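Colleague: I have a model open and would like to go through it. Can we start with how far to trust it?
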Amino acid sequence: MENLTSPATSTPTSAPVGATSLSWHAFEYNHQPKTADWYWSVGIVALAIAAAAVFLGNILLAILVVIGVFALMLFASRPPEMVSILIDKDGVVLGKYRYPFASLKSFWINENSHQPKLLINTQKTFAPHIILALEDTPAEEVRAHLAPFLPEVEQHESLIELMMERFGF
């Protein structure tokens, strides 16, 4: 199968000399194709949980589990979209969403993983982290564009992010 985050599919481009912006393209997440066995396993576990909920008299939980697993399977089969990432003097633009520097706390570039990532800590309560693949964009260039606006503070991906990546999301 094709690796959707391969450097051949990304096209980093930096702004002209003298400009204060940097842009590149990357997939919104690292897609790992699922086999039929994966879908069967998830379905069987979900049906077992739903059956246990019905047995214990909790019909609402059983319905919620079935709907949740159906949504999970739909999301798991969806291929990622290519998004444009832009860092300029006003903030970070990810696709059609702009994150002004006033709403961001800090950044970190994780160069130790198999694919370098930009981790941005935000002030949002429910989505406090933005994780962006750097693809072929040099980490020093990204650091040079972010350092005047945000402090560089060591960060790590959350346990949930690491678990989701491990389970193929």
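Modeller: pLDDT is the predictor's confidence in each residue, from 0 to 100. This is a predicted model, in which local features need pLDDT of at least 70 and side-chain atom pairs count only at pLDDT 80 or more, while totals for chains, interfaces and linings use all residues. Residues are numbered from 1 along each chain as its sequence is written, and side-chain values use heavy atoms, without hydrogens and water.

Colleague: What is the mean pLDDT of the protein?
Modeller: The mean is 83, and 88% of the residues reach 70 or more.

Colleague: Where does pLDDT stay under 50?
Modeller: Over residues 1-18. The model has 34 contacts (heavy atoms within 4.5 Å) beyond four places in sequence for that stretch. Where pLDDT is low, the predicted coordinates should not be read in detail.

Colleague: Which elements have the lowest and highest mean pLDDT?
Modeller: Strand 1 (residues 13-14) has the lowest, 42, and helix 1 (residues 36-55) the highest, 95. Helices (H or I, at least four residues) and strands (E, at least two) are DSSP runs, numbered from the N terminus.

Colleague: New topic. How many residues are in the largest nonpolar core?
Modeller: 23, with Trp 24, Leu 118, Val 142 and Leu 146 having the most contacts inside it. Such a core is a set of buried (under 20% relative accessible area, 1.4 Å probe, protein chains only) Ala, Val, Leu, Ile, Met, Phe, Trp, Tyr and Cys residues joined through side-chain atoms within 4.5 Å.

Colleague: And what does Val 142 touch?
Modeller: Not counting residues up to four places away in sequence, its partners include Leu 22, Trp 24 and Leu 118.

Technical notes. Buried means under 20% relative accessible area, exposed over 50%, partly exposed in between (1.4 Å probe, protein chains only).
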